[in-house]
Amino acid sequence: MPLIQGYTTINNKFETLTDKDIVKHDLLMEIYTHKGDCDWNPELGTTIQDQVFQMKTDEVKDIIIDELKRVVDNSPFLALQDITTEELEKGWIFNLIVSYMGNPPEECYLMLNVFKKQKFQ
C-alpha cells in the first residue's frame with residue numbers, strides 16, 4: 001500500500017501526517033472550511049457553517065448530509081458506506097461510515113449543534 005504523506009500545523013506545531021491521519025485531517029479541513037474562502041479553489045469547503053443558526057428542520061439536515069456526501073465522494077482515498085443521524089435537542093450527530101482505501105469500514109462522528117429559533121405565537 002502506498003504511503004500518503006502531508007503536513008499540518010494543528011496545535012501550532014508543524015507535523016508530518018501519514019496515511020489515515022492525513023486523510024482524516026483533509027476531510028475535517030474541507031468540512032470546516034467555508035465554501036468560497038479558499039482563493040485558489042473556491043469550490044473547496046462546505047456551506048455547513050451557514051446552517052448552524054438555522055431552524056432545526058429536515059431540510060437543514062438534508063443540506064448537511066448532501067455536503068458530507070460530496071466531501072467524502074471527492075476524496076480518492078475514502079468510500080462512503082452510510083450516513084446516519086442521531087437527534088439532539090439543538091442539533092444532530094452525523095455518523096459517517098467510511099472505508100479507507102478498501103479497508104474495512106470505520107465509523108466517524110461529527111456533532112453539529114444548531115440553535116432553534118423560537119416562533120412567537
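The secondary structure of the protein consists of 2 helices and 5 strands, where helices (H or I, at least four residues) and strands (E, at least two) are DSSP runs numbered from the N terminus. Read from the N terminus, the order of the elements is β-β-α-α-β-β-β. This is a predicted model, in which local features need pLDDT of at least 70 and side-chain atom pairs count only at pLDDT 80 or more, while totals for chains, interfaces and linings use all residues. Residues are numbered from 1 along each chain as its sequence is written, and side-chain values use heavy atoms, with hydrogens and water left out.

Of the 121 residues in the protein, 33% are buried. Here buried means under 20% relative accessible area, exposed means over 50%, and partly exposed lies in between (1.4 Å probe, protein chains only). The areas come from the Shrake-Rupley method with a 1.4 Å probe, and for residues only the protein chains shown count as cover.

Helix α1 covers residues 19–32. Within α1, the buried residues include Ile22, Val23, His25, Leu27, Glu30 and Ile31.

The structure holds 5 salt bridges, a salt bridge being a side-chain nitrogen of Lys or Arg within 4 Å of a carboxyl oxygen of Asp or Glu. Three of them are listed below.

| Pair | Closest N to O distance |
|---|---|
| Glutamate 43 and lysine 35 | 3.5 Å |
| Arginine 70 and glutamate 67 | 2.8 Å |

Arginine 70 is partly exposed at 23% relative accessibility, whereas glutamate 30 is buried at 13%. Arginine 70 and glutamate 67 both belong to helix α2 and are 3 residues apart, about one turn of the helix. An α-helix has 3.6 residues a turn, so residues three or four places apart point the same way. Glutamate 67 is buried, with 10% relative accessibility. Through shared partners, salt bridges join Glu30, Glu67 and Arg70 into one network.

In the pair formed by glutamate 43 and lysine 35, glutamate 43 is exposed at 52% relative accessibility and lysine 35 is partly exposed at 27%. Lysine 35 is 14 residues from glutamine 49 in sequence and 9.2 Å from it in space, C-alpha to C-alpha. Glutamine 49 lies in the loop between α1 and α2 and is partly exposed, with a relative accessible area of 40%.

On the surface, Asp58, Glu59, Asp62 and Asp66 form a patch of negative charge. Patch residues have over 30% relative accessible area and no salt bridge, and like charges are joined within 9 Å. Asp and Glu count as negative, and the place of the charge is taken as CG of Asp or CD of Glu. Glutamate 59 belongs to helix α2 (residues 58–74) and is exposed, with a relative accessible area of 58%.

Terms used:
Patches are made of residues with over 30% relative accessible area and no salt bridge: like charges are joined within 9 Å, nonpolar side chains (Val, Leu, Ile, Met, Phe, Trp, Tyr) within 5 Å. The expected span of a helix is 1.5 Å times one less than its number of residues.
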